[in-house]
Amino acid sequence: MWELVKKDLLLEWRAREILPALLLIGVLSLLILNFSFDPGLPLRREAAPRAFWVALLFAAVYGFGRAFVAEQYNDALQGILLSPVSRGTIYLAKMVSTLIHLLVADVMLIALFILFFDVPLRIHCWSWLLSTLLASIGLAALGTLFSAVAMGTRAREVMLPLLLIPLVIPLFLGGVQVTERSLAGQPLGLTATWLHLMATFDVVAVVVGWILFEYVIDY
Amino acid sequence: MIPPRKPRAIWERFLALVAGATMVMAIGAIFLYVPTDRVQGVVQRIFYFHVPLAIVTFVAFGITAVGSAFYLWRNDPKWDQRAHASAELGVLFCTLVLITGPIWAKPIWGTWWTWDARLTTTLILWLIYVAYLMLRNLTSDPEQGARYAAILGIVGALDIPIINRSVYWWRTIHPAVLVTREGGTGLTDPRMQLTLLVAFVALLLLFFWLLKLRTSQVQLEAQLAETERALLQMS
């Protein structure tokens, strides 16, 4: 499994295809959303967590479209399928490499977000970081599964957002709520219910993806 | 080679008949029998369709989820055809829910739409299953499309409780602008309860009859495609 993860990361390191795209979409979303608020209003600070999550969601959804592109050339997927690992393992490997890409993008987005929106840095930002991690796991889990599904359709660029966005709404809502409270200086305990919900989502998403992935690529 | 056309089963005709009769009864009850709501007036009568439609929508998507799971497990196209037909009807019923709701909400709440938890969940549900139908249309290989759709059918069904929970929390944390009053709790008059029950039975029977029809139609389509392929290979 780690060999497969290593292969994906190495490919990305050499080609640098996914990460810049992920990041640029995130930055563009932040920029556009910044235009949509009146900078003079106090509302701007309130809207900031939502802007961050919209940017993260769009970056993830569009970035995942690339997850299986490398496998498409030269029937590379066939080669991986022939290797002596189970389908579930292939899924987990792909998920982990997608997650790593996403986490790198997350870190840069958070930095840019603090810069653009003048976020006050308080000690309680742990729950914010935790919610970002949980959301990324869920996004990577369902994103990998449905990216493989969308690959098999005729309109894969359109299909992936259509499939993924309605399904990940709990992560989005949870992320916004946790971030709002975290930035308002509330301690970790008050956001626990939302974090539990997101963690539950992640567990379900990973298990379901691990079981169902087999049916996506078997033909 | 081609199986002869089966005569329509007797119970199927019976189902159609009963569904039609209860539907007439339901419409009669809604317009003639049931008393008008004192506070809400005539527009409240749309509840007798709106609430059963919503319940039948859940039944439909439930059947889709079960059919999807059985299809992946048993690899029998029959289950996929059931799931497919049920999802189509579910989207139809869900659309009707989303249409009848605003018609009621405009005079009572003063707005067509609010981002109330129940409304939001219904809209998300609709989006998931529209994507389910699109997924089938956008795949070239029908068997692959069936497998993809089954995956979404299962993930969607598992996701809905989490979506529902999150949307509720999201709304209960913010002050609710409008208090939702759903049909079940507000109907104290036994005549109203009876009307709701009749309408529910009517719509449920209608759903099962349509499901049967659509399933056999999808089955015939699959058979036709197979026959065409066989003929092409022969020529």
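A:Val216 is found in helix 10 of chain A. The model described here is predicted. A:Val216 has 24 other C-beta atoms within 10 Å and is therefore classed as buried, the threshold for that class being 20 or more. Leaving aside residues up to four places away in sequence, A:Val216 touches A:Leu145, A:Ala148 and A:Val149, together with B:Ile151 of chain B. Between A:Val216 and A:Ala140 the separation in sequence is 76 residues, and the C-alpha to C-alpha distance is 16 Å.

The contact between the two chains takes 24 residues from chain A and 26 residues from chain B. On the chain A side, the elements that give two or more residues are helix 8 (156-167), helix 9 (169-183) and helix 10 (192-217). Helix 10 of chain A, the element that holds A:Val216, supplies the largest share of this side, with eight residues. By class, the side of chain A that touches chain B consists of 18 nonpolar, five polar and one charged residues.

Chain B has seven helices and zero strands, and its elements run α-α-α-α-α-α-α from the N terminus on. Of the 235 residues in chain B, 35% are buried. When contacts in chain B between residues at least 6 apart in sequence are considered, 78% join residues at least 24 apart.

Definitions and conventions:
Residues numbered from 1 in each chain as written. Chains lettered and ligands numbered in written order. Predicted model: local features only at pLDDT ≥ 70, side-chain atom pairs only at ≥ 80, totals over all residues. Contact = placed C-beta atoms within 7 Å. Helix = DSSP H or I, 4+ residues; strand = E, 2+ residues; numbered from the N terminus. Nonpolar A, V, L, I, M, F, W, Y, C, P; charged D, E, K, R; others polar. Buried ≥ 20, exposed ≤ 12 C-beta atoms within 10 Å, placed from the backbone.
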